[in-house]
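Subject: Structure handover

Hello,

Here is the structure I said I would pass on. Please open it and keep it beside you while you read the notes below.

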Amino acid sequence: MSKENVNISSLNAMGRTMETGNHFKNGASPKSQTNKSTILSKLFLAILCAFALSNAIFAQTLEELETKAKQGNAEAQHTLGVRYFQGDGVKKDYEKAVSWYEKAANQGYASAQLSLAQCYGMGRGVNKDHYQAFYWLKKAAEQGNKIAQNSVGYFYENGQGVTQDYNQAEVWYQKAAEQGYEPAKTALINLKLQSNVDIPQQSGYSELIKQGLDLMKQEKHTDAAAFFTAATKKAPPARYRNEGWFYLGEAFYREGDYQTALSAFIRYESAANANAPRNDIDGYGCTHVPLDGWACMSRERWHFLYDYIAMCYYKLGNKEESLKKFEWANGMDTKGKIVDRNRQSYAKATSLYNRGIMLKEMGRTDEAASDFAEAWKIKLDWKQSWPAEYEENVTQFLTQYYESAGNYGSLLTVLNRVPDSDRTAEQFNKAAFASFKLGNFENADKYYDKALSLQPSIAIDLEARQTSQKNAAEIREKERLRQAEIERQRREAEARRVAGIKQAQIGDKLLYSESWQWSEGLWIFHQSGTYTMMVTCFIERVEGDRYQLRVGDVQSSSSDRYTSPTINGVKVSKGDIIWARPMNDRKWVYGE
């Protein structure tokens with residue numbers, strides 16, 4: 001086995017050790033001293049195998065190494081120590097290994113400090129001494145060695161070689177986690193889950209998730225996290241422990257612990273992409289297809305996942321990575337089949353809203369406005385219900401944005417989306433001015449009246465108000481005159497129609513017309529229109545305003561559409577004899 005292979009496998013073993021360890025400050029399952037010793041031994045074993053030594057220096061002969069080591073070369077001193085420790089080309093000798101480790105460690109060589117800590121921790125070449133082990137681990141950790149940082153966190157957490165201090169444990173786990181060290185990420189999550197919440201051992205996976213969600217509704221996020229973590233350990237194989245990690249990340253996010261939330265979300269992403277064949281906690285089943293795991297859960301969950309990850313990165317100051325994840329979130333509808341377009345749209349609208357908030361805070365107002373506008377359009381198109389906070393933030397931002405840009409059409413559109421009953425005096429005032437600028441003086445006058453009725457002291461543009469009142473009055477007068485003319489013409493036309501019917505004689509024609517609407521096809525194939533059925537009738541008898549008529553021709557204005565016309569509620573056809581009052585029904589006219 002190569003040095004590189006030993007390194008990887010040992011680190012994986014170390015990750016499993018740290019993940020499966022129980023972490024409680026004071027709970028139902030404290031670690032036994034035996035368990036602590038076992039974990040500590042594995043920890044030092046992992047440290048031993050974690051060094052990927054330079055192939056060049058490791059390949060040197062023992063004589064060459066000794067020469068360089070005696071000359072004070074720290075790397076050679078450490079490498080020589082490793083060879084004595086492992087018995088590589090020399091007789092295994094822990095004391096000589098410690099001697100060379102000390103020389104390199106005293107020169108500040110981090111790898112040697114880590115190796116020396118291992119010797120003290122395992123009692124190899126020296127008496128076992130956790131205090132000395134901790135001393136040298138911290139020396140290496142302070143130089144940025146992520147393995148040492150993770151180990152220092154463990155020592156602080158468990159009070160090994162130092163007074164137990166959970167805050168310091170979190171600090172050092174955090175440092176290692178920030179360098180991408182997976183065991184530290186797991187240890188950090190476990191550390192933060194320490195609580196006195198009682199989790200029934202007999203509870204199954206679904207029950208644990210349900211209880212966690214109930215606690216989330218009560219805003220007991222830390223307690224909820226404990227249930228979600230327990231659920232990840234009881235998840236059926238088909239679920240790959242996915243949902244517990246997702247909800248765990250959500251709990252930490254709501255608690256404001258964005259780094260731990262990010263770690264949980266990434267664990268969820270990793271598990272979800274592990275080609276799990278099915279995932280249906282939300283009632284959504286899916287058939288696995290080779291889309292890098294994308295088909296293994298509902299698409300709206302992917303939206304929310306990358307939305308959360310993006311927001312975590314943003315909260316942690318990594319705006320570049322945040323924008324990348326937002327792009328992924330908003331590209332979900334291109335990944336495979338959409339399970340539920342309605343829920344999908346809500347997830348995308350939410351993601352766009354969150355990115356808009358971030359872009360706004362970054363000062364990228366044009367992009368923020370674009371995201372907000374698109375999110376709102378999706379929300380309206382799919383009749384989605386948003387939190388009141390979203391509505392308020394989007395309305396406020398777009399109002400200011402469009403107003404400052406002088407885009408009064410878009411400004412009015414935004415303001416008109418707010419129901420009149422919910423609008424403020426200032427919103428009516430802005431709507432009035434926007435309407436004025438667009439030349440809609442009637443609406444401007446109406447909005448100014450509403451603004452003043454809500455807040456009589458509100459500062460309005462007096463010139464715009466007076467101009468709107470004057471022009472609105474002129475428009476209303478013109479409209480009144482126009483409607484009066486229309487009514488006059490209607491009455492004259494009706495009088496001519498009735499006069500024509502009155503002058504008709506026996507045997508003259510009266511024409512009856514009836515319009516019909518048609519519609520066929522669905523969605524993009526939908527078509528509709530109107531056609532007219534024309535009935536020609538001949539007068540046979542007149543009794544006051546009642547006329548006895550014989551139905552003649554029945555024609556349609558459409559060559560391929562025909563409907564039997566109905567007169568006085570009765571379908572008629574050629575040759576029928578009917579009675580009607582044509583002077584009282586505008587569908588009748590005199591036929592020349």
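**What was found**

Asn 568 is exposed, with a relative accessible area of 56%; exposed means over 50%, buried under 20% and partly exposed in between, for a 1.4 Å probe and protein chains only. Asn 568 sits in the loop between strand E4 (566-567) and strand E5 (570-571). Its phi is near 55 degrees, a positive value in a residue other than glycine.

Before going on, note that this is a predicted model, in which local features need pLDDT of at least 70 and side-chain atom pairs count only at pLDDT 80 or more, while totals for chains, interfaces and linings use all residues. Residues are numbered from 1 along each chain as its sequence is written, and side-chain values use heavy atoms, with hydrogens and water left out.

A second residue with a positive phi is Glu 219, at about 65 degrees, and Glu 219 is not a glycine either. Glu 219 belongs to the loop between helix H12 (205-217) and helix H13 (221-232). With 62% relative accessibility, Glu 219 counts as exposed.

**The chain as a whole**

The chain has 24 helices and seven strands. These are DSSP runs numbered from the N terminus: helices are H or I with at least four residues, strands are E with at least two. Of its 592 residues, 45% count as buried. Among contacts (heavy atoms within 4.5 Å) with a separation of 6 or more, 57% are between residues 24 or more positions apart.

**Two helix pairs**

How do H4 and H5 lie to each other? The axes of H4 (residues 62-70) and H5 (residues 74-86) come within 8 Å and cross at roughly 135 degrees. Axes here are lines fitted to C-alpha atoms, for helices over the stretch in contact, and angles run from 0 to 180 degrees between N-to-C directions. H4 and H5 are therefore oblique to each other; under 35 degrees counts as roughly parallel, over 145 as roughly antiparallel, 65 to 115 as roughly perpendicular, and the rest as oblique. The contact of H4 with H5 involves six nonpolar, two polar and three charged residues. Here Ala, Val, Leu, Ile, Met, Phe, Trp, Tyr, Cys and Pro count as nonpolar, Asp, Glu, Lys and Arg as charged, and the others, Gly among them, as polar.

Leu 80 lies in H5 and is buried, with a relative accessible area of 0%. Leaving aside neighbours within four places in sequence, Leu 80 touches Leu 62, Leu 65, Glu 66, Ala 69 and Trp 100. From Leu 80 to Val 90 is ten residues in sequence and 9.8 Å in space, C-alpha to C-alpha.

The axes of H7 (residues 110-122) and H8 (residues 130-142) also come within 8 Å, crossing at roughly 165 degrees. H7 and H8 are therefore roughly antiparallel to each other. Their contact has nine nonpolar, four polar and one charged residues.

**A buried serine**

Ser 322 is in helix H17 (residues 319-329). Is Ser 322 buried or exposed? Ser 322 is buried, at 0% relative accessible area. Its side chain reaches the backbone oxygen of Ala 310 at 2.7 Å. Beyond its neighbours within four places in sequence, Ser 322 is in contact with Ala 310, Met 311, Tyr 313, Tyr 314 and Met 358.

Regards

Note on methods: Polar contact = N/O pair within 3.5 Å; in protein donor to acceptor, adjacent residues only side chain to side chain.
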